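Hi everyone, thanks for coming. I'd like to walk you through one structure today, so please have a look at the sequence and the model first.

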Amino acid sequence: MIELAENRYGKSRVRLMKVTRHPHGNELREWTVQVLLKGDFHSAHAEGDNSKILATDTMKNTVYSIARNSTATSMEAYAMELADFLLGRNPQVSSAAIRIESAMWKRMTVDGKPHPTTFMHGSGETETTHVERAQAGTFRILSGLDNLVILKTANSGFEGYIKESLTTLKETSDRIFGTAVRAEWHYTKTNIDFDAVRTSVRETMLGIFADHDSKSVQQTLYAMAKSALEAVPEIDEMELAMPNKHCLLVDLSRFGQDNPNEIFVPTDEPHGYIEARVRRTPDAE
Ligand SMILES: O=c1[nH]c(=O)c2[nH]c(=O)[nH]c2[nH]1
């Protein structure tokens, strides 16, 4: 016997730019949206019967249509509206999952003043959200960020690790620590100021990264997640991934020069990769 074990389908990489026009200036958002639906689609897979299929092209159109009417100020609130709309119109759908990645546009400064209608691409950092709801269920909202590229030039070392026959790495109490953070955290509520909470989470993590006396990427990652969970009551779990973007000290002794931790070669591959999930445990009775 062969059966359809699981399935979901939808539209990926729906690109959307929204300009919200105000008399005093405009707001700009650039999102890449993914819609994935699960549901009663056995007949489509096993019999070629498309009568329950909402075309993915229709989903793409829905992304734009909801964006036109939505007054949501955050991508989380917009994603909830989109999921509600799709679930409301499609009883054959058991759950809708919306993912959004938001590009980092910043208002341009001209002559020292923020320009009302012109923007500059800030960095390759993106803001993310993943919103999911089942028919008659409650929302599960995970938000985060990706490709937050940061680097510290002091207060980072790596010592005391296992030394065995294949170990060549030298211990150091002073190294460069560069990474591109991916973080995703879970909200305990759905009616909060998502943008303000996001800012608190991000700023808390950055503050710890800068000030931490790092014994390893693992220790700093844990300290960042722990501080964010302590500072922001609206989240209860965080997954963090931090590649260790090695910067290798160049041996200048070949040229009769010293190198007191000043000249490095940044490398992409191979790189260390550290990830962890950190959560708030229920208070002990
Ligand atoms: O912070 C680090 N953690 C490791 O596990 C590790 N391994 C390694 O080679 N360098 C590092 N750095």
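**Around the ligand**

Let me start with Val217, which sits in helix H5. Helices here are DSSP runs of H or I with at least four residues, strands are runs of E with at least two, and both are numbered from the N terminus.

Before I go on, a word on what you are looking at. This is a predicted model, where local features need pLDDT of at least 70, side-chain atom pairs count only at pLDDT 80 or more, and totals for chains, interfaces and linings use all residues. Residues are numbered from 1 along each chain as its sequence is written.

Back to Val217. On our scale, a residue is buried with 20 or more other C-beta atoms within 10 Å of its own, exposed with 12 or fewer, and partly exposed in between, with C-beta atoms placed from the backbone. Leaving aside neighbours within four places in sequence, Val217 is in contact with Thr179, Met242, Asn244, Gly272 and Ile274. Contact here means that the C-beta atoms of two residues, placed from the backbone, lie within 7 Å.

One of those partners is worth a stop. Asn244 lies in strand S9, and Asn244 is partly exposed, with 18 other C-beta atoms within 10 Å. Not counting residues up to four places away in sequence, Asn244 touches Thr179, Val217, His271, Gly272 and Ile274.

Now, which residues are around the ligand? They are Phe158, Leu169, Ser216, Val217, Gln218, Asn244 and Gly272. To be listed, a residue needs its C-beta atom, placed from the backbone, within 6 Å of the molecule. By class, this shell has 3 nonpolar and 4 polar residues, and no charged ones. For that count, Ala, Val, Leu, Ile, Met, Phe, Trp, Tyr, Cys and Pro are nonpolar, Asp, Glu, Lys and Arg are charged, and the others, Gly among them, are polar.

**What the record says**

The unreviewed UniProt entry has a "binding site" annotation that covers Thr56, Asp57, Phe158, Arg175, Val217, Gln218 and Asn244. These positions are spread over 189 residues of sequence, and in space too, up to 51.3 Å between C-alpha atoms. UniProt positions are in the numbering used here, feature names are shortened, and annotations may be inferred rather than shown by experiment.

Let's look at Thr56 from that list. Thr56 is in helix H2, residues 56–69. Thr56 is partly exposed, having 16 other C-beta atoms within 10 Å. Beyond residues up to four places away in sequence, Thr56 touches Tyr9, Gly10 and Lys11.

**Helix H4**

H4 runs over residues 194–211, and at 1.5 Å a residue its 18 residues should span 26 Å; the end C-alpha atoms are 26 Å apart, which agrees. The expected span is 1.5 Å times one less than the number of residues.

The buried residues of H4 are Phe194, Val197, Arg198, Val201, Met205, Ile208 and Phe209. Seen down the axis of H4, these residues fall within an arc of 105 degrees, so they line one face of the helix. That arc is taken from the directions between the helix axis and the C-beta atoms.

Turned away from the buried side are the exposed residues Ala196, Thr199, Glu203, Ala210 and Asp211. And what covers the buried residues? The cover includes helices H3 and H5, along with strands S6, S7, S8 and S9.

**Backbone details**

The peptide bond from Glu269 to Pro270 is cis, with omega near -15 degrees, and Pro270 is in the loop between strands S11 and S12.

Arg13, in strand S1, has a positive phi of about 55 degrees although it is not a glycine. Arg13 counts as exposed, with 9 C-beta neighbours inside 10 Å. Asn147, in strand S7, also has a positive phi, near 60 degrees, and Asn147 is partly exposed with 13 C-beta neighbours inside 10 Å.

**The whole protein**

To finish, let's zoom out. The protein has 5 helices and 12 strands, and of its 285 residues, 22% count as buried. The C-alpha atoms fill a box of roughly 75 × 65 × 50 Å, taken along the principal axes.
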